[in-house]
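Please look over the structure below before reading on. The report then takes its features one topic at a time.

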Amino acid sequence: MTIRRRERTRYVFTFGRARSGKSTLLASVTQHIASNRDVALIRNPLRPDGYTIVNRDWLGAIRAKEFPPESVSGELVEVDIGIKLLAAPKRRSRRLLQRSIDFFREPMNSYSSTTALTLFEMAGEDLQQVEVSGHRHAKDARFPEFVRDALMVSHVVLIVVERNRVGPKEDNLIMNFIDFMMPVLGEGGRVEPIPVALVVSKFDQEAGGKVGALEEFLFEHMPDTMSTLMDRDRFVNVAVLPFSVGDVNVDTSPHSIKRFDDRYAKSVVGWIYANCDV
């Protein structure tokens, strides 16, 4: 398939193996935006039909304290949303308003400004086809063509790794993806390094859940990935972001959400917005 790039839309590519938490992360991001009193989550004004999955599969699941359904292998879903900044309340300066939402930045044309985002959603089974035992070469990548097409138009990339899977196998998988990604971005005409966030899902399972120790932990267990992402000759605006959906009830089948916590989603939203050149 060929993705027709829309100039006023910002594209977000999310990479990770199956059941790494990609869909839960994106659902949490949209829930955080939807629940913020200073903004409205609306249909993408450039393509309103793509909003259906947000209401049905993402927001519906989170509000029902369930996890969103997994993506279907062989399909690329373009999830379109619009973020509209609401009118500033009386007695609140523009600066205070922006500080309260904190993921909106200058310049904003007006309080009615709408930011159009497209979130690419695809199955981990398709994405992890880049995993070739013993090799780290882009030519070995066995991605479906739509993965290449989505990467070519993307403005930012989220790489999701589950906390309990951090180790040599994930290090190899992500390095294979990076080796595949770089020439594809060049084919798409990108000159500047693309912003990348390494998102560690199920972060609360880390002993103590200390954010300060997260980078040290990743350097120890995924040294090639971390050294590559921190190479300023290849990447800029790189972030390591912890993520958790909140308290999970593991006694149910399937697991359910006891208490949704959007603190981590807020940080991810802020990073996406700040790096999308809006």
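The sections below cover the overall fold, the core, helix packing, salt bridges and backbone angles.

## Basis of the model

This is a predicted model, in which local features need pLDDT of at least 70, side-chain atom pairs count only at pLDDT 80 or more, and totals for chains, interfaces and linings use all residues. Residues are numbered from 1 along each chain as its sequence is written, and side-chain values use heavy atoms, with hydrogens and water left out.

## Overall fold

The chain has nine helices and nine strands. Helices (H or I, at least four residues) and strands (E, at least two) are DSSP runs, numbered from the N terminus. Of the 278 residues in the chain, 53% are buried. Buried means under 20% relative accessible area, exposed means over 50%, and partly exposed lies in between (1.4 Å probe, protein chains only).

The accessible surface of the chain is about 13100 Å². Carbon and sulfur atoms hold 48% of that surface. Areas come from the Shrake-Rupley method with a 1.4 Å probe; for residues, only the protein chains shown count as cover. Take the contacts between residues at least 6 apart in sequence: 80% of them join residues at least 24 apart. Contact means heavy atoms within 4.5 Å.

## The nonpolar core

In soluble globular proteins, nonpolar side chains tend to be buried together. Here the largest nonpolar core has 77 residues. Such a core is a set of buried Ala, Val, Leu, Ile, Met, Phe, Trp, Tyr and Cys residues joined through side-chain atoms within 4.5 Å. Phe 13, Leu 158 and Leu 218 have the most contacts inside this core. Helix α6 (residues 168-187) gives the most to it, with nine residues.

What does Phe 13 touch, leaving aside its neighbours within four places in sequence? Its contacts include Phe 120, Met 122, Leu 127, Leu 158 and Phe 177. Val 147, Ala 150 and Leu 151 are also among them.

## Helix packing

Two packed helices are described by the angle between their axes and the distance between the axes. The axes of α1 and helix α9 (residues 263-274) come within 9 Å and cross at roughly 85°. That makes α1 roughly perpendicular to α9. Axes are lines fitted to C-alpha atoms, for helices over the stretch in contact, and angles run from 0 to 180 degrees between N-to-C directions. Roughly perpendicular covers 65 to 115 degrees. On the α1 side, Leu 25, Ser 28, Val 29, His 32 and Ile 33 make the contact.

Leu 59 sits in helix α2. Leu 59 is buried, at 2% relative accessible area. Beyond its neighbours within four places in sequence, Leu 59 contacts Thr 30, Gln 31, Ala 34, Leu 41, Tyr 51 and Val 54.

## Salt bridges

The whole structure holds eight salt bridges. A salt bridge is a side-chain nitrogen of Lys or Arg within 4 Å of a carboxyl oxygen of Asp or Glu. Glu 70 pairs with Arg 19, with the closest N and O atoms 3.7 Å apart. Glu 70 lies in the loop between α2 (52-63) and β3 (76-85), and Arg 19 in the loop between β1 (9-15) and α1 (22-35), so the pair ties together parts 51 residues apart in sequence. Both Glu 70 and Arg 19 are exposed.

Glu 145 bridges to Arg 148 at 3.8 Å between the closest N and O atoms. Both lie in helix α5 (residues 145-153), three residues apart, about one turn of the helix.

Glu 162 and Lys 202 meet at 3.3 Å, N to O. Glu 162 is in strand β5 (residues 156-162) and Lys 202 in the loop between β6 (196-201) and α7 (214-221), 40 residues apart. Glu 162 is buried at 9% relative accessibility, whereas Lys 202 is partly exposed at 36%. Arg 165 joins Glu 162 and Lys 202 in a network of salt bridges.

## Positive phi angles

Most residues other than glycine have a negative phi, and most peptide bonds are trans. Lys 65 has a positive phi of about 60°. Lys 65 lies in the loop between α2 and β3. Asn 237 has a positive phi near 55°. Asn 237 is in the loop between α8 (223-229) and β7 (239-242). Lys 65 is partly exposed at 45% relative accessibility, and Asn 237 is partly exposed at 46%.

Notes. Angles under 35 degrees count as roughly parallel, over 145 as roughly antiparallel, 65 to 115 as roughly perpendicular and the rest as oblique.
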